[in-house]
Structures are given as structure tokens and as C-alpha cells.
Amino acid sequence: MARSSTGFVAGLTAAAVVTVGFLAYRAQANVPPDLSGRTGASATAAASASKAPRDRLHPAALPAGSGTGERVVYSVDDDRVWLVGAGGRVENSFKVVPGTVDPAPGTYAVTSRSKAVTGTDGVPVEHVVRFASVNGVVIGFSAAVDSTPPEADTSGSVQTGGIRESRPDGETMWMFATIGQKIVVIR
């Protein structure tokens, strides 16, 4: 009896491995053209390193030249994020506190997400949305779990790529920025 159940379990395991392999192959074969060919998050060459024009009367308004279509716009100079819907309408905007490492201006895509982890600074964070890497430092948006307002680390002792949001803003980002979502980084 034990011998036949062992063979049955081995057969099921083999079938599962083959199925997972097939599904992985199919997933790779069906990657959208704008995401294929990349071995990780990287900026496109089309992005400009100059500062995007601002509306002097409305400093929190979405900067001109920040891309088109549905996207997250992150200004490294203004420490602000805009969530832009498909019609080009700003759905939300909020201030953030950057880590010690900034991504280069350019267009990225969300590469991974985590519901809850510990940040490189040792702080428990949630709603982590990653989109870039700079010299081995992963860049992404997150919110501290303890609800403490985020503060910038000016000591430079630890290189961090976490762009901290408030918990409500982190949840809003989590709902908006799913895998593959376009992230536009501007000055």
C-alpha cells in the first residue's frame, strides 16, 4: 500500500513541476513588448535630466513634460508623487520623504511588490512598490508600519532607496501601482 501511494505522489509531483515550467515559459513568451528585453528596472533614454517645467501659481500641480497615459510621477527635487489616471487626470498627489539614494530621471515600470517587509534601515514597512535599482540599492515606495511620520536620514550611514509615504498614501499607491505600472521620475 505504501509503495503505490509513493509512486502516486511522485507522479503528481512530476506533473506539478512540468506544469509550473510550462506556465513559466508561457508567461515569459507573453511579456508585453514594453517590458521585454529588460533584465531589471532601468530608465529609458527618452527621459530628460533637466527639471520639468512647473506652474508657479500651483506648485503642487502635475509638471508639464511628465509623460502621458496612466502613470506614477515622482519628482526627486520636489519630494512629491502624482498618481495620474489613463485620461491624464491627477487622481492623487502627496509629499514623500526620499531615501539616501535617488533614481535617475527616466521611465520605469513596477517590478515587484511586498505587502510587508523590513526596510534596509530596519524599520517595518508595508505596501512596498519597487521600480528601480541604483548600484545595488533597490528603489521603491513604502510606508512605515508604526505610523510615525517619515523623516529624512541625513546621516548617510546606510544607503536606502525607500521613498516613504504616510500609511494612507502608501495604501493609495499600493492600489494604483501594480506590477508593470509606469513610473516616471523627474527632477
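Strand β4 and strand β9 (residues 182–186) pair in the antiparallel sense over four bridges; strands here are DSSP runs of E of at least two residues, helices are runs of H or I of at least four, and both are numbered from the N terminus. Two strands count as paired if DSSP finds at least two bridges between them. Within this pairing, T107 stands opposite V184 in β9. The model is predicted, so local features need pLDDT of at least 70 and side-chain atom pairs count only at pLDDT 80 or more, while totals for chains, interfaces and linings use all residues. Residues are numbered from 1 along each chain as its sequence is written, and side-chain values use heavy atoms, with hydrogens and water left out.

β4 and β9 belong to an open sheet of five strands, ordered β3-β2-β1-β9-β4, with mixed pairing. Its edges are β3 (90–95) and β4 (106–109); each has a single partner strand, so one side of each is left without a neighbour in the sheet. On average, neighbouring strands of this sheet are turned by 20 degrees against each other, direction ignored.

A second open sheet has four strands in the order β5-β6-β7-β8, again with mixed pairing. Here β5 (112–118) and β8 (162–165) are the edge strands, each pairing on one side only. Strand β7 (residues 137–144) pairs with β8 in the parallel sense over four bridges, and R164 in β8 is the bridge partner of S142.

Helix α2 lies across β5, β6, β7 and β8 and runs at about 55 degrees to β6. Axes are lines fitted to C-alpha atoms, for helices over the stretch in contact, and angles run from 0 to 180 degrees between N-to-C directions. Contact means heavy atoms within 4.5 Å.

H127 is found in strand β6 (residues 124–134). H127 is buried, because its relative accessible area is 5% and buried means under 20%, exposed over 50% and partly exposed in between (1.4 Å probe, protein chains only). Leaving aside neighbours within four places in sequence, H127 is in contact with S114, K115, F141, S142, G170, E171 and W174. The side chains of H127 and K115 are joined by a polar contact of 2.8 Å.

I179 is found in the loop between α2 (167–176) and β9. With a relative accessible area of 54%, I179 is exposed. Not counting residues up to four places away in sequence, I179 touches V110, T111, S112 and R113. I179 and V129 are 50 residues apart in sequence and 8.5 Å apart in space, C-alpha to C-alpha.

Note on methods:
Polar contact = N/O pair within 3.5 Å; in protein donor to acceptor, adjacent residues only side chain to side chain.
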